[in-house]
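This report goes through one protein chain, from its overall make-up to single residues. Please keep the sequence and the model in view while reading.

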Amino acid sequence: MQGKILSTQLIIGDDGKRYEYDKNDVVNLGNKDLAVLTGSQVDFVSFDERVAKSIYIINENVNVNVSGILSADRISSARAKALWGIGLLIFSFIPDIGLQFFNFIPDIWQNIGKIIAIVSFVLYSMAIYSVSKAAASKSLFKNYIIALIISFLGFSLLILAIIFGAIMDVLANSKDVGIGASMIAVLFLGGIIALIVEIYFYKINAELARLSGSSLFLWSFWINVVSVPFCFLLIMSLGFFVFFLPGFVGLIMSWMLLFVAWWRFGKVEKR
């Protein structure tokens, strides 16, 4: 039977059916990368209606465009996106660290840091999606999206709590117990939301650890969990030098471990 390569794991036959296949069953693949051979014509045999075997590439359609490379559902592509994302994330914090040390950083550099952070987020999200597709995981990317949505809601709640507290303080012209209790109640709810977010991120990193066989994903997660509260206290101006080492340094350590974990990410087993 003949057909066409749809992805690194699927072939669509001339009969209109889709067949799963393994890279090792492509007889004449050589050193070529299946991720850039999407659309190539193949000849294969199938002993059932789901799996293709003894696959021969008979007409290559090499896809070398940038969009094809970025969308390729393969671990090497995911690894590259993740490494760039983590590296840019670390770089984006340089203006913030400089601001803490020198108390003055031009606005343009702060804005550049924010833009880099957004690019980092997009690349890392693409990496998670690519791994999810390569492993045929139904939970990895879904948990990631849920964590992002809850994180956005939690951040919004924190902003509302700060605005609410400021308004009430101006109206009352004092910091009585009632106002403080209201703020504490809202921040407590924010803490609950943050806990839920961390549970989902634990699931994400636990699955990445299982798929990659590297516990560094979990080590990175736990160091991040410990470091974030210190950074929050730092942001609340409760002492830069007191919270700098366990806060920012902890985050950097967490990201470096995550970088190494992705660097060592080789292949995954389909779920």
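Two residues are in contact when heavy atoms of theirs lie within 4.5 Å. The model discussed here is predicted.

By that definition, and leaving aside neighbours within four places in sequence, Trp-262 is in contact with Ala-78, Arg-79, Ala-82, Leu-83, Ile-86, Tyr-124, Ala-127, Ile-128, Val-131, Leu-208 and Phe-217. Trp-262 also belongs to the largest nonpolar core, which has 32 residues. Within this core, Tyr-124, Ile-128, Val-131, Leu-208, Phe-217, Trp-262 and Phe-265 touch the most other members. The helices α2, α4, α5, α6, α7 and α8 each supply at least two residues of the core, and the largest share, seven residues, comes from α6. A second, separate core has 12 residues, among them Ile-5, Tyr-19, Leu-29 and Ile-57. In soluble globular proteins, nonpolar side chains tend to be buried together.

| α2 | 75-92 |
| α4 | 107-134 |
| α5 | 140-172 |
| α7 | 216-235 |
| α8 | 240-263 |

Helix α6 spans residues 177-212 and includes Leu-195. Is Leu-195 buried or exposed? Leu-195 counts as exposed because its relative accessible area is 52%, and the cut-off for exposed is over 50%. The C-alpha atom of Leu-195 is separated by 9.8 Å from that of Val-225, which is 30 residues away along the chain.

The strands come next. Five of them form an open, antiparallel sheet in the order β3-β2-β1-β4-β5. Strands β3 (18-20) and β5 (53-59) stand at the edges with a single partner strand each, so one side of each has no neighbour in the sheet. On average, and with direction ignored, neighbouring strands of this sheet are turned by 40° against each other. Strand β2, residues 10-13, runs antiparallel to β3 and is joined to β3 by three bridges. Ile-12 stands opposite Arg-18 in β3.

Finally, the chain as a whole. It holds eight helices and five strands, and along the sequence these follow the pattern β-β-β-β-β-α-α-α-α-α-α-α-α. Of the 271 residues in the protein chain, 35% are buried. Among contacts between residues at least 6 apart in sequence, 64% join residues at least 24 apart. The protein chain exposes about 16,000 Å², and carbon and sulfur atoms supply 69% of that area.

Note on methods:
Residues numbered from 1 in each chain as written. Predicted model: local features only at pLDDT ≥ 70, side-chain atom pairs only at ≥ 80, totals over all residues. Heavy atoms only, no water. Helix = DSSP H or I, 4+ residues; strand = E, 2+ residues; numbered from the N terminus. Buried < 20%, exposed > 50% of the residue type's maximum accessible area, 1.4 Å probe, protein only. Pairing = 2+ DSSP bridges. Axes fitted to C-alpha atoms, helices over the stretch in contact; angles between N-to-C directions. Core = buried A, V, L, I, M, F, W, Y, C linked by side-chain atoms within 4.5 Å. Areas by Shrake-Rupley, 256 points an atom, 1.4 Å probe, with all protein chains shown as cover.
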